[in-house]
Amino acid sequence: MQKELAEKLKKIPMLNKAASTSTENFKVVSDKDGLKSPPSGLGAQAVSTGPLTSVSATPVQAMPGLPVGVTPSEKASAAGGIGILPGLTTPNIEAVKRAQELAAKMGFRQDPEFAPLINMFPGSSSTDVAAPQRPAKAPVLRLDAQGREIDEYGNVINMPKLTNLSTLKVNINKQKKEAFQIIKPDLDASAQSNPYFDEGMGINKTKLLRPKRMTFQFVEEGKWSKEAEMIKFKSQFGEAQAKELKMKQSQLAKAKADPDSNPNLIAVGVRLTKEKKKEEIPEIEWWDKPILPSGSYDDVANVKLNMDRITIYIEHPLPIEPPAEPAPPPPQPLKLTKKEQKKLRTQRRLAKERDRQEMIRQGLIEPPKPKIKMSNLMKVLGSEATQDPTKLEMEIRSAAAEREQAHVDRNIARKLTPAERREKKERRLFDDPNTLETLVSVYKIKDLSHPQTRFKVDVNAQENRLTGCAVISDGVSVVVVEGGRKPVKRYGKLMLKRINWAAAVTNEDEAEDSDAPANSCVLVWQGSVAKPSFNRFLVHQCRSEAAARKVFADAGVPHYWDLAINYSEELL
Amino acid sequence: MEEDEPQTLSSSPAPGPGSVPPAVAAPPIAPIPPPPAPALLLRARAVAARADSDSDREGSAPRPSADDYEVSEESRLARERQEKAVQELLMKRRAYAMAVPTNDSAVRARLRRLGEPITLFGEREMERRDRLRSIMVRLDAEGQLERLLKAHEDEQAAASAAPAEEEGPQQYPFYTEGSQELLQARIDIARYSLARAKSRIERARRRRDDPDEDEDAEAEFVVNQAGGFALECSEIGDDRPLSGCSFSHDGTMLATSSWSGVTKIWSMPKVEKVATLKGHMERATDVAFSPVDNCLATASADRTAKLWNIDGSLIRSFDGHLDRLARIAFHPSGKYLGTASFDKTWRMWDINTGTELLLQEGHSRSVYGICFHPDGSLAASCGLDALARVWDLRTGRSILAFEGHVKPVLGLSFSPNGYRLATGSEDNTCRIWDLRKRKCAYTMPAHSHLISQVKFEPQEGYFLATASYDTKAMVWSAQDFKPVKTLAGHEAKVTSLDITGDGQQIATVSHDRTIKIWTSRFNEKDKAMDID
């Protein structure tokens with residue numbers, strides 16, 4: 001390949017000479033090079049342009065590909081080639097311009113293949129001013145084989161169609177553009193006419209003639225980030241895995257794109273839900289329908305009312321009882337002053353005692369035994385005590401023990417059993433006869449990720465027998481509890497007073513960050529509902545807000561989430 | 001203890017067969033034997049009964065039913081005697097506990113009912129009462145309680161003397177005939193409301209179809225503007241807590257009612273007192289300006305509503321309610337006034353004649369709030385039965401009953417768009433009801449205390465405002481029901497609020513006796529944002 005290249009470089013001056021002398025000679029060269037000549041509709045000059053430019057372009061293209069280690073025999077020529085080329089690049093714009101002018105003069109235009117070439121050069125705008133000039137001689141119509149009008153040189157004359165001169169900017173621009181496009185450069189012509197033309201100038205014809213893209217090419221969103229990700233992945237895990245990932249991703253994208261590409265699979269309903277659904281406006285409000293016999297508002301002007309419905313009667317509908325009204329309080333006992341209470345107690349005790357005495361008098365009950373103690377032993381028993389003092393003392397002591405035991409037993413009997421005690425405690429903690437409805441509290445917490453607080457939130461709710469949920473989303477956490485008045489109050493104290501939210505963040509350095517707002521918990525709403533919406537207390541970890549809202553929507557209370565999200569201090 | 005003692009004591013003489021039965025006062029001081037097994041005790045007692053037959057201390061012991069031993073005559077007599085004594089004692093106790101009328105006439109009446117002579121010769125009140133007592137005790141003992149009870153019932157029935165000739169429970173719903181004026185008013189309302197409904201529907205349709213109108217953008221703009229509500233002015237309204245407020249239809253006047261019974265009218269841009277309306281004997285509970293002309297109505301706890309001119313002269317008083325009034329509302333035509341009362345009814349009055357057109361029952365508890373549909377076709381009432389009822393004023397039917405609130409509903413408002421109804425309740429929620437779908441559209445957990453008043457913005461209903469006893473009022477978007485602005489400034493319960501016709505100003509009144517005016521300060525902010 002290197003050899004070939006060197007040969008070509010050698011041939012450049014020769015070619016130049018050949019081009020200037022005769023066309024036949026050139027044709028041989030071009031055939032030898034294996035280049036295809038363009039369709040021969042054009043004149044000789046047009047034919048010659050193709051091979052020349054292509055040949056002269058070849059070294060320029062090939063140069064960067066030249067290896068450094070060239071063989072010494074060919075080194076000189078190669079170096080010579082290189083030496084010429086840099087000098088060529090600077091004047092080529094002027095050269096092209098000249099070529100364009102020349103071409104324009106010759107009426108050499110409207111070849112779509114060459115049209116874009118002009119646009120490659122910034123200075124070429126001057127050429128479009130050169131309006132197509134018509135020969136001053138008497139018009140002679142010449143036609144070529146295809147029936148096109150040609151001039152005396154055999155060049156095709158392209159007559160601009162005379163159209164209505166439009167003053168619209170759009171049309172002017174369009175015309176301008178058309179005028180702009182029709183001119184094509186004639187490198188060959190310039191090379192012919194200008195003795196100083198340097199064909200080693202490096203005008204890359206293929207590059208110049210690359211068809212202009214008619215539309216913008218936008219970079220798809222996420223393309224570069226994807227690429228960057230890929231590179232990162234590659235540096236992390238190596239080539240093979242990166243390839244695998246790429247495969248996976250492309251498959252995923254394909255799978256994703258596939259249903260979209262099939263128009264039959266696009267659900268019509270999907271698009272409808274995206275746009276905001278508006279309530280439809282009925283023809284007639286349903287409550288107006290029975291009054292209007294025609295069923296539309298049209299005859300309002302005629303004032304034809306359905307007098308069967310407009311009557312003189314007043315309806316008395318069934319009154320509906322409120323859903324959660326506490327029972328009226330039981331009648332309160334008569335309130336007595338302290339003095340009255342004491343008096344009543346005395347009277348009651350006296351009456352009881354009198355009753356007892358009466359019964360004893362009538363012999364209905366046994367009179368109580370005299371209470372014998374060691375101190376009054378001699379007084380009560382007198383001489384009896386002296387007969388067997390040991391026995392009597394024993395008796396007295398056992399009687400005393402029995403009395404004491406009876407006292408203890410009475411006290412024990414009065415005590416509640418463990419089950420009853422448990423029940424009473426429970427009643428105290430959870431029972432509330434006055435509230436039939438369920439109280440709900442909604443708390444909003446910035447960060448509930450700390451395991452300790454999460455545990456507290458969860459376990460306290462369960463131990464207070466509250467139902468609800470704690471939904472942990474990335475930015476915000478919402479805790480909803482519902483239950484009786486007392487447990488909800490206790491839980492509120494836990495959330496708003498007992499837990500130190502500012503300290504409850506997962507990593508300590510974040511806590512010390514003063515610029516970030518401190519973690520906090522606010523009571524968003526507290527109110528009552530007819531019955532609880534949740535069955536138990538659960539902690540949900542949600543990845544997105546939509547998922548979090550779904551937790552609430554499933555329970556039928558999406559408004560809790562909405563409110564908590566929309567609640568902010570700045571509203572206040 | 002008392003029951004147990006005689007048993008142990010009675011068994012104590014048994015082990016000592018030789019001992020003489022001692023006197024009642026002095027039982028033998030003997031070592032207390034361990035209580036014998038029941039069977040043993042029984043036999044021992046039987047033996048003892050046979051042995052010392054003259055003992056009269058046997059009665060309290062349970063008697064064996066078996067006749068495997070004969071009982072001596074004396075013992076039997078003694079036992080009977082004792083039983084009789086016990087009976088007497090119990091009877092006496094019961095007599096003491098029995099409720100006997102103390103009034104002499106009641107005693108005589110009771111005696112007559114029982115078929116006894118109402119008085120004996122030389123008998124005084126106390127003796128008569130004692131006689132009644134003894135008779136009652138005897139009857140009670142004979143098991144003639146029913147007779148007694150019947151006598152008692154008769155007495156009660158005679159006392160109440162109510163005819164109460166109802167044949168079973170009332171069948172609901174039932175209908176009663178109203179007055180001719182009511183029929184005329186219904187026809188009038190029908191004509192009025194149908195025209196309004198037609199124009200409203202047509203307008204909504206036109207707005208929906210018109211490509212130049214963007215309802216969403218307009219709503220968003222209005223809501224954004226509502227986010228700029230800020231305290232404009234605060235004025236002490238009265239010496240007592242304020243209960244209600246209302247803007248006049250052109251927004252140039254504001255009326256406030258207070259617990260002193262006085263209603264005051266204030267000129268609007270700067271709140272200056274124009275007139276004082278004195279006339280109510282009790283606290284005034286609400287005030288409402290007429291939607292068409294410059295007159296206003298006040299409701300009061302003295303069971304009347306009054307209609308006033310703005311110069312402070314009384315036009316008319318509407319008497320008829322049986323209990324204190326709560327809220328009042330004008331019909332959009334301005335010809336009728338609705339009043340809600342604690343006598344479980346709401347009534348509709350003719351403004352011009354002052355007649356009571358309609359007395360509407362239907363709530364099982366007191367009615368607190370009332371509101372009219374912008375068309376004038378419907379009325380909504382709410383009350384302490386946690387219910388909002390929608391009534392068709394033309395047909396007189398209760399067409400909807402919205403159940404959903406848990407606690408009393410205190411405020412309600414129709415949206416100007418004609419199919420939304422907002423209710424605020426003691427359960428701290430505000431519910432939005434859809435009249436067309438006949439169900440709850442949204443529940444707003446709104447405040448931390450009860451919601452005393454709800455009002456839609458009267459122009460298009462793009463936002464609504466709620467007043468609450470948590471000392472705040474809040475503005476909510478009516479599209480997505482998100483909080484837009486909290487109007488915090490009052491120091492006590494906010495009892496009522498009103499919005500001007502153009503939706504630019506909100507007035508709130510509170511138990512802290514101040515009127516606060518909130519104005520939208522959005523314009524400057526908007527411009528600033530535009531520069532950005």
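Author: The questions below take up the terms in turn.

Author: This is a predicted model, in which local features need pLDDT of at least 70 and side-chain atom pairs count only at pLDDT 80 or more, while totals for chains, interfaces and linings use all residues. Residues are numbered from 1 along each chain as its sequence is written, chains are lettered from A and ligands numbered from 1 in the order in which they are written, and side-chain values use heavy atoms, with hydrogens and water left out.

Reader: Why is Thr500(B) called buried?

Author: Buried means under 20% relative accessible area, exposed over 50%, and partly exposed in between, with a 1.4 Å probe and protein chains only. Thr500(B) has a relative accessible area of 3%, so the residue counts as buried.

Reader: Why is Ser296(A) called partly exposed?

Author: The relative accessible area of Ser296(A) is 22%, and therefore the residue is partly exposed. Ser296(A) belongs to the loop between α12 (268-274) and β3 (313-316) of chain A; helices (H or I, at least four residues) and strands (E, at least two) are DSSP runs, numbered from the N terminus.

Reader: Where does Thr500(B) lie, and which residues does Thr500(B) touch?

Author: Thr500(B) is in the loop between β27 (494-499) and β28 (505-510) of chain B. Not counting residues up to four places away in sequence, Thr500(B) touches Phe247(B), Pro458(B) and Gln505(B), where contact means heavy atoms within 4.5 Å.

Reader: What makes the pair of Thr500(B) and Asp502(B) a polar contact?

Author: A polar contact is a pair of N or O atoms within 3.5 Å; within protein, one must be able to donate a hydrogen and the other to accept it, and residues adjacent in sequence count only if both atoms are side-chain atoms. The side chains of Thr500(B) and Asp502(B) make such a contact at 2.7 Å.

Reader: How do you know that the length of helix α10 of chain A agrees with expectation?

Author: The expected span of a helix is 1.5 Å times one less than its number of residues. Helix α10 (residues 223-237) of chain A has 15 residues and should therefore span 21 Å; its end C-alpha atoms are 21 Å apart, which agrees. After α10(A) comes Gly238(A), with a positive phi near 100°.

Reader: What makes strand β29 of chain B mostly covered?

Author: Seven of the seven residues of β29 (residues 514-520) are buried. In a regular strand the side chains alternate between the two faces of the sheet. In β29(B), Thr514(B), Lys516(B), Trp518(B) and Ser520(B) are buried on one side, and Ile515(B), Ile517(B) and Thr519(B) on the other.

Reader: How many bridges join β2 of chain B to β29(B), and how many join β28(B) to β29(B)?

Author: Two strands pair if DSSP finds at least two bridges between them. Seven bridges join β2 (residues 229-236) to β29(B), running antiparallel, and five join β28(B) to β29(B), also antiparallel. Cys233(B) has Ile517(B) as its bridge partner, and Ile506(B) has Trp518(B).

Reader: What makes the charged end of Arg465(A) count as sitting over the ring of Phe430(A)?

Author: A charge sits over a ring if NZ of Lys or CZ of Arg is within 6 Å of the ring centre and within 35 degrees of the ring normal. The charged end of Arg465(A) sits 4.3 Å from the centre of the Phe430(A) ring, and that of Arg490(A) sits over the ring of Phe430(A) at 5.5 Å from its centre.
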